[in-house]
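Let's take a quick tour of a protein model. Keep the sequence and the 3D view open while you read.

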Amino acid sequence: MKHLIFHAFIAITFYSYAQCVQSCGKRQIKTRNLITNSLDAQPGDFPWHVAILQRVPVKQYICGGTLVGQSIIITSAHCVSIPGHRQAKPIEDLVVQVGKHLLNAPASASEPEYSLSSIIVHQASNEEQTDHDIALMITEEPVRYGKFVQPACLPTFSLIRDNLVGTIVGWGFTEHDSISNVLRAANVPIVTKDVCIRSNLEAFARSVTDEMFCAGYRNGTNACNGDSGGGLFRNVQGRWYLVGIISFSVTKQMNENLCSSTDYTALVNVAKYKGWIKENSDSNLDLSCPETKSAASTTTKKQYFVHNNKEVTFLEAWRLCQNTGHQLATITSEEDSQLIAHAISKSGNKKGPWYTAGTDLGNEGQFVWISTNKPVGYQTGYLNFRPDQPNDAWGNEDCLEIGRWGGVEWNDIPCDWKQRYICESVI
Ligand SMILES: [Ca+2]
Ligand SMILES: [Ca+2]
């Protein structure tokens, strides 16, 4: 009996891994890039965005949400709990519509409606509901994927850096403080917690926690709070990741979607809740690409070798690793970062910098791992640049190192600098 159970487990892991590589965070319809600040989305641009509707007293749109697995939708706790309580609304009070582009269009075969089997509100979300403003909705039946219905990827690591641009999606950002019929998207800069708090101490000092960040503009143009519950997404190496959940803006008015032009919008940092999400959706298999992928990839074993005795150029490091039957180090997951940090801590020299295999030689800004000929972030989306890097200082920083300022964040430097290096073996 034990034997059987073991095999069943392997089969499930493999199955969800295979599903995931193909399915999360990918648009099925090729569309133009969104380049302006705010505009109507096209059908299929954000196939993971869902509409949450209340059934009583009248059927009405209340919030956005994001599909991250076949039965799993992530949204804000305040969207799906009884006002003033941390308790979920009764499941029969809410439905979700997926594949939706025009909000006022009734549910149809291509924009189906699903009932819920449960609503899980974060147990520590507080009464004002700005803390841990996250909830999961589990649909009664699995959602059918198609051109207009796809799950977004969940990040297993932080994709938040000041000044990086994310995309928020919703029906809530018209200039006229009303709900738009057409799904809209806006590109907004990400603002880390500290910058956000400094921007408005009174509003944010108490309410923006370590599990949150902000986004938006403060220049009076085009800054809207969007739909509560909807996501902020980043496209990393061709996959869209749910980075944040729109929580509140300074002019917090429930069930209204007022544009706030002088303050940032606060969002829940989804990466901080990966454990909670996993714990609470365990029975729903194909949850998250990176999660399942890293679980599956633990079957291949990576080992790092820190070389401190010789200082060499990038290309010399590349050849020296090969000479020992290894390859210059690649870093493709949070687990890798932890592993390499461990290898460094056990090596004779705890201070870097060391070369890794990343380079954008010949194709500025497009980093690949020279050892595997894969783009950095390939499949997993994992990037670990220092916030202000890569900066291609003086126009010739084309090779990646780690450890210059301690830690294992990445930085680009000229490839002819002589320094230590780290090799890896992959079994
Ligand atoms: Ca460069
Ligand atoms: Ca640099």
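The protein chain has a mean pLDDT of 81, and 81% of its residues reach 70 or more. Keep in mind that this model is predicted.

**Where to be careful**
- Residues 1-22 stay under 50 in pLDDT, and the model gives them 16 contacts beyond four places in sequence.
- Residues 285-298 are also below 50, with 44 contacts beyond near neighbours in sequence.

- Helix H7 covers residues 314-323, and its buried residues are Phe-314, Ala-317, Trp-318 and Cys-321.
- Looking down the axis of H7, you'd see those buried residues fall within an arc of 105°, so they line one face of the helix.
- An α-helix has 3.6 residues a turn, so residues three or four places apart point the same way.
- Over on the other side of H7, Arg-319 and Asn-323 are exposed.
- What do the buried residues of H7 pack against? Their partners are strands E15, E16, E17, E20 and E22.
- After H7 comes Gly-325, with a positive phi near 80°.

- Most residues other than glycine have a negative phi, and most peptide bonds are trans.
- The bond from Gly-352 to Pro-353 is cis, with omega near 0°, and Pro-353 sits in the loop between helix H8 and E17.
- Gln-389 to Pro-390 is cis too, with omega near -5°; Pro-390 is in the loop between E19 and E20.
- Asp-392 is in the loop between E19 and E20, and its phi is positive, near 45°.
- Asn-373, in the loop between E18 and E19, has a positive phi near 60°.

Methods. Residues are numbered from 1 along each chain as its sequence is written. Chains are lettered from A and ligands numbered from 1 in the order in which they are written. This is a predicted model: local features need pLDDT of at least 70, side-chain atom pairs count only at pLDDT 80 or more; totals for chains, interfaces and linings use all residues. A residue is buried if 20 or more other C-beta atoms lie within 10 Å of its own, exposed if 12 or fewer, and partly exposed in between; C-beta atoms are placed from the backbone. Helices (H or I, at least four residues) and strands (E, at least two) are DSSP runs, numbered from the N terminus. The arc is that of the directions from the helix axis to the C-beta atoms. Two residues are in contact if their C-beta atoms, placed from the backbone, lie within 7 Å. pLDDT is the predictor's confidence in each residue, from 0 to 100.
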